[in-house]
Amino acid sequence: MLFDLLKPAIFALDPEQAHRLAIRALRAMPARAPARAGPLASEVAGLTFPNPVGVAAGFDKDAEVPDSLLGLGFGFTEVGSITPLPQAGNPRPRLFRLVEDEAVINRMGFNNAGADAALDRLAARGSRPGIVGINIGANKDAADRIADYATMAGLVTPFASYLAVNVSSPNTPGLRALQDEGALAALLDAVIAARDEAAAGAALPPIFLKVAPDLTPADVDAIARVALDKRLGALIVSNTTVSRPDLASHHRGETGGLSGAPLRALALRRLREFRQATGGEIPLVGVGGIASAEHAWERIRAGASLVQLYSAMVFEGPGLGGRIAKGLEKLMRRDGFASIAEAVGSE
């Protein structure tokens, strides 16, 4: 209700200013305990998630508010993308609300304060409970992007519940070429080696791979082969799209990645394709256009073990994750399932 009252004032602000205001508000929020494991709990990639609803990367780029987000009822959160060196990202304006379409277009360009700043915050978390994934990327001007990913994997491994390798942002030129089969295998080999060395005998955080929705069937099959071969913890399906369905907003012509409601059908289709291509042997994280418990349930029934959201919070507020989790429990019971794991891929 508070968000609904504030929404007109928030929407009067530039979207990037509004986002910074949201981060500051979350930082000032009194500490709350993270969600407890209950009927929605499930084990994915060796981690026990109290519920399957998470915050997608991009919201908390610099790891400023992971515990505040967990305190809102999310089962997990993913910070980043974080690059080795700070970078300003693309020129402003670079973030656009498409209100009529319940969508967002962004061309942020991996803007973040760099690894050192994020690591200081992550180290300060200490042993606080809650699953915090760390999404890693490469600097735009890196001479060797694979080396950047390996560097990041080594740096964040001690603080990560899981590592998310992001090779699917459309806003860093050439980045998506790392989804090609040979390049992807080489990249993951480097990340795995860096993670293993940094862990130094401690528990290894699983590696999740975030892929684009703009893939051909051959791309899906190739990525699935690499994921199976490298024994990845999960595939995150998907990032934003460069495609443009029929949109009503005057911002529809802006370049960048489109997210929100118009991405829903495409992301669901890609999820089903990856479920088929992997034979259900790798957990999937469903992302893109999820704005309700019904959307999340559809993604779970299609094969997602976990779901993530970000753009929907622009329109529905940060309490959306907790509301979706409550709704999922009702839907699970309505359809006669005893657990989320039992429902995965049951459509």
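I call a crossing left-handed if the near helix is turned anticlockwise from the far one by less than a right angle, and right-handed if clockwise.

The model I looked at is predicted, so local features need pLDDT of at least 70 and side-chain atom pairs count only at pLDDT 80 or more, while totals for chains, interfaces and linings use all residues. Residues are numbered from 1 along each chain as its sequence is written, and side-chain values use heavy atoms, with hydrogens and water left out.

**α5 and α6.** I took helices as DSSP runs (H or I, at least four residues), numbered from the N terminus. I found that the axes (lines fitted to C-alpha atoms over the stretch in contact, with angles from 0 to 180 degrees between N-to-C directions) of α5 (residues 145-156) and α6 (residues 181-199) come within 8 Å and cross at roughly 25°. That makes α5 roughly parallel to α6 (angles under 35 degrees; over 145 is roughly antiparallel, 65 to 115 roughly perpendicular and the rest oblique). I noted that α5 passes α6 in a right-handed crossing. For contact (heavy atoms within 4.5 Å), I listed I146, Y149, A150, A153 and G154 in α5, which meet residues of α6 including A183, L187 and R195.

**α9 and α11.** I then looked up α9 (residues 293-301) and α11 (residues 320-334), which pack at an angle of about 55° with their axes 8 Å apart. The two helices are therefore oblique to each other, and α9 passes α11 in a right-handed crossing. In α9 I listed A293, E294, A296, W297 and I300, which meet α11 residues, among them I324, G327 and R334.
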